[in-house]
Amino acid sequence: MSRRARARGRALLVAVPAVLALLGGCTTSAGAEGGAGRASAPPAAPGGTPLPGGLPTPEGTLLVADFGADTVTFVDPRRGPVGSVAVGTAPYGLAVGPDGLAWVATAEGVAVVDTRARTRVARIPYTTRTGPVGTGEYRGGGMGIALSPDGSRAYVGVNVPGGRGVLEVIDTAGRSVTATVPVGRRPFDVDVARDGGEVYVTGHDSFDVTVVSADTLAPRRIEVAPYGTEGGLGSWLKPHYAVVRPGDGRLLLPFEGERLAVVDPRSGTVAVEPMTAATHQHGTALTADGRLLVVGTGAVEEGAGPSLTVRSPGGEERVYPLEGPHEDVAVSRDGRTAYVTGGYTRDGYWNGLTVVDLADGTTRRLPAGTRPLGIAVLR
């Protein structure tokens with residue numbers, strides 16, 4: 001029996017409704033909320049010297065969302081953490097505009113952080129009911145978040161435990177929610193078309209991408225399930241993160257280091273291209289020259305361990321091994337360096353990130369906040 005068949009078979013065993021209510025990640029939730037993350041800590045490294053108050057944050061500083069705390073942390077890419085700002089419980093994704101404002105999806109609302117002054121200037125509550133404020137992989141509240149190209153809107157995917165997710169639309173000038181749109185379950189990622197005309201919400205537990213018109217806010221569902229949907233909530237074989245390909249506007253969603261789903265949001269068609277890492281995959285990013293970066297977290301059963309895949313526009317891949325699971329990735333402005341967060345949404349997370357030289361794959365570990373997930377490079 002193949003590795004994928006065994007993974008599907010194992011997922012199908014979790015069919016009891018009471019158990020399914022606890023699912024929604026990559027498999028069952030056992031151990032995901034407590035006790036995880038103790039096995040792999042970053043090696044000792046000098047912490048960064050805190051930045052003096054009143055001085056602007058230097059360009060190239062990293063900003064990470066501390067999913068294991070209530071802060072975002074500013075990280076010098078050479079020395080480590082240089083300051084933190086309280087934003088709200090369990091921050092997940094973040095997006096930074098050209099004005100230096102970061103929009104951070106927390107369990108309590110979307111926090112707005114002035115990254116140059118390193119202060120929180122607002123927190124916008126969700127209009128959707130998500131239950132008690134919680135922590136961990138299955139908590140309610142904001143997950144993926146993105147800004148419109150002109151910065152006038154922030155789009156945040158809100159997880160509603162036990163139900164469909166919601167896209168909340170925020171007027172960034174008024175700092176208020178102006179609309180809500182039903183989307184798929186557990187919206188891991190939100191992306192925006194380069195012309196701003198559409199928003200794409202990746203529904204992890206519903207095997208789909210919801211295409212939302214920026215003008216009418218009408219939603220349209222596209223199933224993205226290159227392995228099928230067997231196992232439902234208990235399946236590992238779900239979409240996680242996406243990027244928008246610059247040349248043709250198609251969405252790229254990696255699966256298991258074996259298949260890359262290429263989604264045409266206009267026609268709704270899904271093509272599949274081969275990948276080579278043979279590992280469960282999460283975070284994605286694009287370099288300025290069109291290379292796709294994909295974070296591998298480790299194999300479901302047989303296969304390779306954690307890694308970073310660097311895929312050229314033509315489909316050639318280099319796979320660089322990483323030590324321990326990771327979650328998301330950002331790339332330096334010059335395209336030479338990747339920063340991979342160690343937070344991970346499941347077991348094995350650690351409080352740091354791995355810095356990867358994209359030319360030769362050499363790596364170094366850097367302390368960075370508390371279970372860091374979302375990441376951005378400040379301009």
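Predicted model: local features only at pLDDT ≥ 70, side-chain atom pairs only at ≥ 80, totals over all residues.
Residues are numbered from 1 along each chain as its sequence is written.

Me: Why is Asp-264 called buried?
Reply: Buried means under 20% relative accessible area, exposed over 50%, partly exposed in between (1.4 Å probe, protein chains only). Asp-264 has 11% relative accessibility, so Asp-264 counts as buried.

Me: Where is Asp-264 found?
Reply: In the loop between strand 18 and strand 19 (270-274). Strands here are DSSP runs of E, at least two residues, numbered from the N terminus.

Me: What makes the link between the side chains of Asp-264 and Ser-267 a polar contact?
Reply: A polar contact is a pair of N or O atoms within 3.5 Å; within protein, one must be able to donate a hydrogen and the other to accept it, and residues adjacent in sequence count only if both atoms are side-chain atoms. The Asp-264 to Ser-267 contact is 3.3 Å. A polar atom of the Asp-264 side chain also lies 2.9 Å from the backbone nitrogen of Arg-266.

Me: How do you know that strand 18 and strand 19 pair?
Reply: Two strands pair if DSSP finds at least two bridges between them. Strand 18 and strand 19 have five, in the antiparallel sense. Val-262, for one, has Ala-271 in strand 19 as its bridge partner. The two strands form a hairpin with six residues between them, and Gly-268 in the turn has a positive phi of about 80°.

Me: What makes a set of residues a nonpolar core?
Reply: The members are buried Ala, Val, Leu, Ile, Met, Phe, Trp, Tyr and Cys residues joined through side-chain atoms within 4.5 Å. The largest such core has 17 residues, and those with the most contacts inside it include Tyr-200, Val-209 and Phe-255. Strand 14 (208-213), strand 17 (251-255) and strand 18 (259-263) each give two or more residues to this core. The largest share, three residues, comes from strand 17. Apart from this core lies another, of 15 residues, among them Trp-103 and Ile-145.

Me: What is the phi of Arg-118?
Reply: Near 60°, a positive value in a residue other than glycine. Arg-118 lies in the loop between strand 6 (109-114) and strand 7 (119-125). Its relative accessibility is 14%, so Arg-118 counts as buried.

Me: How do you know that Tyr-344 is buried?
Reply: Tyr-344 has a relative accessible area of 6%, so the residue is buried. Tyr-344 has a positive phi of about 55° although it is not a glycine.

Technical notes: Heavy atoms only, no water. Helix = DSSP H or I, 4+ residues; strand = E, 2+ residues; numbered from the N terminus.
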